[in-house]
Amino acid sequence: MRQLARLAAAHSVATSYRPSPDRRVDVPRETVIAVLGALGVDATTEDSVREELELHRRRTETRLLPPTVVIGDGPTAPADLPPVPEGTVLRVRTEDGDERGFGPGLPLGSHLLRAHTADGRSAHAHLLVTPDRLPTPQRRAHGLLLQLYSVLSARSWGMGDLSDLAELAGWAGRTAGADFIQINPLHAAVPAVSGEATDPSPYRPATRRFCDPVHLRVEDVPEFRYLDGDAAVRATALVARAGTLREAVLHRSAPIDRDAVWALKREALELVRTVPLTPGRAAEYAAYRESQGGALDDHALWCALTELHGPNWRSWPPGLRDPASADSARARAEHRERTDFHAWLSWLADGQLAAAQQSARAAGMDIGLVHDLALGVHPEGSEAWSHQDALASGMSIGAPPDAFNAQGQDWGLPPWRPDGLAASGYAPYRELLAGLLRHAGGLRVDHVMSHFRLWWIPEGASPTDGTYVTYDSRAMLGAVALAAHRAGAVVVGEDLGTVEPGVREELAGRGMLGTSVLWFEREYDKADSPALPPWRWRQSCLATVTTHDLPPAAARLGDDDVALRLRLGLLDGDPRVARERARAETADWLETFQRLGLLTADGGEEEQITAAYRFLARTPARLLGLWLPDLVGDRRPQNVPGTWREYPNWRLPVSGADGRPMSLEQLVASPRLNALTAAVRAELDGGG
């Protein structure tokens, strides 16, 4: 095992880990071998381990440069270069094509570094010059947190869309004084297979690079108004059917049916596609396709091939399983029309995203839209198909056992390969980030700890039998910093749960905000872990009361949360103990609010929720996130982790305190919502 441990360490694979400072867990040998195999390292026999160790030694000793070199933009940046032999000449070709020597003053970006030694050897590497710090909010600000699908207007086709987002942004900036709207991932989903619904989770998409066209407002596509004849009649009928879907959600308690919405939108968009683009629009589309390059071509081809062979590319004819194969090249030519259709859909979504961000900025928002980057992708999706060299096959990411889940967690997402990313200069990640930030003032990074390490689980193994794989955090965070700098965007890292020592400090030092949730902020170093007073909260964070994976404030303050988990079979132990614990924590928070003068002794639920958000305004947090369902007293969580068909995850509209769904028009007119936002603004202004 000692030789295997050396080989694992050489490839950043852990052979043990510490779930707590006083406890060490050894990783099963089979897991280490499987993870190394996914990295292209044969560790199946003692001989192969020795051979791989020798190969690694030779590569390390003879290598002039690593695959990727990352330096900062400060005057001491050249000191970040790995040691090279004396007399080595270093030259840089910048991404703009300029040639210059290696030294201070290099421009930010992705460049090519060449090394030439005195004895005639040469090598090259990707050179990333990245900002030392990310952009930060210009001032303390508040904004809305929401799931876009859940906010339906009187014009939606059964779920919230990009035009609803633009309208809400315009209202929130001008009326509620909001500086941002943070939304769920809008990534393109894997389409449904026969007999099964599309996975509604926005956190397991086909690709994170492109927006799902299900979010389009069809009537806002300019060509829609030029439909005539039979096409216009059919389109009118589709609009009417969309109204029926909308009414079912808003007035008959039906869950949001993404597949039904997409079926109608797709049929309508096929009609709109028959209307020729004007010369100006055609030029815009051509420019978009050129700017997105091979990533869009691959995604659009994958979409076209799913129509023929289903969404699981691993079951396609063998020649199509590689996007660079000769068969795939022939498929691009044979299915050019369908490929172009799907690329066109991405362009339309990009345009409506741009309009939503423009609406936010025109309404006075400093930040505007904050997009959400999911941790990973569906193993059958287009990103996994097109980036097989950068994603680990046969592996899934998750979490080891902890106090909240004794069996650990398997999220069904293939992890980035550290070696694959380094070999490409982190291009897949950099391009992904740049795409997401095209029309945004901010980015939320789900499970930001993944930039340091991830829990890998071999296919078929239990989450308890996984192990940690370490990433080059300097390169990963550098890619984020470079993309954020170029977009002028703030970045919020979701750093909840188990976090290695030093990670939060590293992120804060780079200017990345963390995430602080009211219910989790307690003084754990004291007896009974009392509520953390506002002056002890960290400044470098987005503070909120709850998230999409937690119960709304109304449910948390009452017994709804415990009752729901009991009904769904998610409670371990005696329900009475869980209920008493929840009530004690709630009572502690309410007493804290009262001591601070935020809540009267007999304050009801609405006053209690307002007090919670006013409390956040008294912390030094740079950003304050208002969970939209909380503003109207919604009691249903958008997602209950650990459930699938038992609960309508990701399919609920925002509802009021009476449980009735509310339209966008009703939300912005809600006295309760407007009173709470006004109270938060007053508190932020010092007048609370």
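Helices here are DSSP runs of H or I with at least four residues, strands are runs of E with at least two, and both are numbered from the N terminus. This is a predicted model.

Tyr 426 sits in the loop between helix 11, residues 418–423, and helix 12, residues 427–436. Its phi is near 60°, which is positive, and the residue is not a glycine. Most residues other than glycine have a negative phi. Is Tyr 426 buried or exposed? Its relative accessible area is 4%, and the cut-off for buried is under 20%, so Tyr 426 counts as buried.

Next, Trp 650. Trp 650 also has a positive phi, about 60°, and again is not a glycine. The loop that holds Trp 650 runs between helix 19, residues 628–631, and helix 20, residues 664–668. At a relative accessible area of 8%, Trp 650 is buried.

Last, Pro 131. This one is in the loop between strand 7, residues 122–129, and strand 8, residues 141–146. Pro 131 has 3% relative accessibility and therefore counts as buried. Which residues does Pro 131 contact, leaving aside neighbours within four places in sequence? They are Asp 73, Leu 108, Ala 481, Leu 482, His 485 and Arg 510. On Ala 483, the numbers are these: Pro 131 and Ala 483 are 352 residues apart in sequence, and their C-alpha atoms are 9.6 Å apart in space.

To recap the backbone point: Tyr 426 has a positive phi, and Trp 650 has a positive phi. That is the list.

Note on methods
Residues numbered from 1 in each chain as written. Predicted model: local features only at pLDDT ≥ 70, side-chain atom pairs only at ≥ 80, totals over all residues. Heavy atoms only, no water. Buried < 20%, exposed > 50% of the residue type's maximum accessible area, 1.4 Å probe, protein only. Contact = heavy atoms within 4.5 Å.
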